[in-house]
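Trainee: I would like to learn how to read salt bridges and domain contacts. Can we work through one model together?

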Amino acid sequence: MSLVPTPFAGKVHLLKEGRHRILEGHVWIYRTEVSHYDPNIKDGDVVEVVAAGGQSLGVGLWNSQSQISVRIYSREKVPLNKEIIHCFLSKAFKYREKLFSGKDSNAYRLFWSESDGLPGLIIDKYADWYVVQFLTSGADRKRNEILEVLKGITQSTNIILRNDAPVRLLEGLSLTKESLKEDFPCRHLVCMEGIPILVDLYNGQKTGLYLDQAANYKFISQIAKGKRVLDCFSYQGLFSIFCARGGAQCCVAVDQSAAAIDIGKENASQLGLQIEWVCENAFDWLRKKEREKEKFDLIILDPPSFTKTKVQKESAFRGYHEIHLRALRLLDSGGFLASFCCSHHITMEEWKELISRACWETSSRLRYLGCLPQSPDHPILFNIPETEYLKGVLAQKMD
């Protein structure tokens, strides 16, 4: 009798203690939840997850170097082959096609990691170019199959690999960048909500733009008419550009990245927009403007994630708290505050509590107007709360 080879490298057994999140729909298994595993398993291998009682709980991608030891991609025992990858990608792409049908935007996220079924894979579309990231060892191991499927679906080789995200270091992976084509544009023109935007796909932050804010750029611009706008941690100043297009009285964009400011200036110039660009540390600039008693009618705070782990939360809260104190003192009566947090380690409740404390310490009263979520091309799954990482609050100063 011939033995049929298993598509899985081995089994990972869970501890008996506690109720594991994966029984409630989550897909992460932490190192501390693993009882033992087959010794022949290598990082990036596909493994079967087994409960203490012996029942199979699904299959996922193994990494001994990460705190998240297994990331499940299926509850059924199916191999991660080209057919499965094609299924994941085609479903995700069809969802975005419906989402952006009839909209004047050709820059958006096509595939987003756990939210679309394959942990660690990011694919962003920028007009006729695709930027891909392999952020986990499992996704990295499947690189060739994923790229082959992507080329087949898109009929394109306009692909840039931005494997320079620091999170790869936590997976034991190196940081690299490359283009599958020798000739690729240093500046690439895309359209976002009808506005032409130049983007640097090879050197820009993340994959070039903060696509998760696209819906908020448009929404905030609708309240900017006639207002003095301050855009802090602006990156390329897309909030400022949208607000200026929306009829803002003036816009000030503050960021410490000279490269980002340069692209912002180029975009504003091509659109005929007047924006004051400030290449400076936002903390220092806010302190200076507070001393000068300057006032704004709309302040946007979109800081980077000050915390990548739960351990860093306390120090991160100090930084977030300071910028809110400064902003509330610069915000004129009746003015609007749009405040964002992009760390999944901080909940919306914690973010609101932080703003509330800043209100108390500055003797400000803020009227809560609503939340500002991540764009829908970054889908949120109820059973994986970490997929809701971008949290925004819109409020108005009452006095």
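Trainee: Is Lys 289 buried or exposed?

Mentor: Lys 289 is buried, with a relative accessible area of 13%. Buried means under 20% relative accessible area, exposed over 50%, and partly exposed in between (1.4 Å probe, protein chains only). A word on the source: this is a predicted model, where local features need pLDDT of at least 70, side-chain atom pairs count only at pLDDT 80 or more, and totals for chains, interfaces and linings use all residues. Residues are numbered from 1 along each chain as its sequence is written, and side-chain values use heavy atoms, with hydrogens and water left out.

Trainee: Which residue forms a salt bridge with Lys 289?

Mentor: Start with the general idea. Side chains of opposite charge can pair when their charged atoms come close. The rule wants a side-chain nitrogen of Lys or Arg within 4 Å of a carboxyl oxygen of Asp or Glu. Here the partner of Lys 289 is Glu 292, with the closest N and O atoms 3.0 Å apart. Glu 292 is partly exposed, at 47% relative accessibility.

Trainee: How many salt bridges does the whole structure have?

Mentor: The search finds 29. Take Lys 77 and Glu 48, whose closest N and O atoms are 3.7 Å apart. Lys 77 sits in the loop between strand E6 (68-74) and helix H1 (82-99), and Glu 48 in strand E4 (residues 46-50), so the pair ties together parts 29 residues apart in sequence. Helices (H or I, at least four residues) and strands (E, at least two) are DSSP runs, numbered from the N terminus. Glu 48 is buried, at 8% relative accessible area.

Trainee: Where do Glu 178 and Arg 143 lie?

Mentor: Their side chains meet in a salt bridge (3.1 Å, N to O). Glu 178 is in strand E11 (residues 176-179) and Arg 143 in helix H3 (residues 143-154), so this bridge joins parts 35 residues apart in sequence. Glu 178 is partly exposed at 28%, and Arg 143 is partly exposed at 23%.

Trainee: Which residues are linked in a network of salt bridges?

Mentor: Asp 284, Arg 287, Glu 290, Glu 322, Arg 326 and Arg 329.

Trainee: How many salt bridges cross the interface of domain 1 and domain 3?

Mentor: The rule finds 0 there. The chain divides into domain 1 (10-74), domain 2 (82-186) and domain 3 (210-398), with bounds from an automatic or database domain assignment. The contact (heavy atoms within 4.5 Å) takes 5 residues from domain 1 and 4 residues from domain 3.
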